[in-house]
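Here are a few friendly notes to read alongside the model. Please keep the viewer open as you go through the points.

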Amino acid sequence: MDARGMSGTRVDTAGWVLRSAVTADVEPIAELRATVMRGDLERLGRYDEHHVRQRLRNSFSPQHTSIIEIDGELAGCVTVRPAEGRQWLEHFYLAPHCQGLGLGSAVLRTVLERTDARGLTVGLNVLQGSAARRLYERHGFVVEAEDPIDVFMVRPTGASTAAERS
């Protein structure tokens, strides 16, 4: 699949790769987070230019983070770290020009295949009203709890996806 990127160049999402994050990735990821989350955070009245980046910096763990690249360029990132008896999926961001092309599903499928192989449950939280919630539901996540800002979701190991159920 391909689309026009922000620069007008074609983006072919079929050739994506995951590489291990390094400390130097923190600032590009912080900028990506600020861009991707701005709309939802503004809608919820929670956008703060500094805090949106600092929150990523404070919780960045290169050992648990993978960088999504297409042709050697940053396309996104995803973190999966152990927490509270499960794996916690967080900081899953795709550059705007890479969204809606199936890349998120492909990356999530890869991540979940790895956690399933290890027999692990995966938890996450997504902002209320975020379009990302539909992605997670299609991949077997169900709501565990919610509050006015966040929806907490869980996916037991081996949960079926919407595609498998139909």
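In which loop is Glu84 found? Glu84 is in the loop between strand 5 and strand 6. Before the points, a word on the basis: this is a predicted model, in which local features need pLDDT of at least 70, side-chain atom pairs count only at pLDDT 80 or more, and totals for chains, interfaces and linings use all residues. Residues are numbered from 1 along each chain as its sequence is written, and side-chain values use heavy atoms, with hydrogens and water left out.

1. **Two positive phi angles.** Glu84 is not a glycine, yet its phi is positive, about 50 degrees. The residue counts as exposed, at 74% relative accessibility (exposed means over 50% relative accessible area, buried under 20%, partly exposed in between, with a 1.4 Å probe and protein chains only). Asp71, also not a glycine, has a positive phi of about 50 degrees. Asp71 sits in the loop between strand 4 (65-70) and strand 5 (73-83), and is exposed with a relative accessible area of 70%. As background, most residues other than glycine have a negative phi.

2. **Overall layout.** The protein chain has five helices and nine strands; these are DSSP runs numbered from the N terminus, helices being H or I with at least four residues and strands E with at least two. Their order along the sequence is β-β-β-α-α-β-β-β-α-β-α-β-β-α. Of the contacts with a separation of 6 or more, 56% come from residues 24 or more positions apart, where contact means heavy atoms within 4.5 Å.

3. **Burial and surface.** Among the 166 residues of the protein chain, 46% count as buried. The chain exposes about 8800 Å², and carbon and sulfur atoms supply 50% of that area (Shrake-Rupley method, 1.4 Å probe; for residues, only the protein chains shown count as cover).

4. **Helix 3.** This helix covers residues 103-117, 15 residues in number, and reaches 21 Å from its first C-alpha to its last, close to the 21 Å expected at 1.5 Å a residue; the expected span is 1.5 Å times one less than the number of residues. Its buried residues include Leu108, Val111, Leu112 and Thr115. Arg109 lies in helix 3 too, but is partly exposed at 42% relative accessibility. After helix 3 comes Gly119, with a positive phi near 70 degrees.

5. The largest pocket holds about 1200 Å³. Of its 42 lining residues, Phe92, Tyr93, Val126, Ser130 and Ala132 are the closest to its centre. The largest cavity has a volume of about 30 Å³, and its lining includes Ile29, Phe60 and His91. On a 1 Å grid over the protein atoms alone, a cavity is where a 1.4 Å probe fits but cannot get out; a pocket is an open set with protein on both sides within 12 Å along at least five of seven lines, and lining residues have an atom within 4 Å of a point.

Note on methods
Grid points are joined across faces, edges and corners, and a volume is the space filled by probe spheres set on the points.
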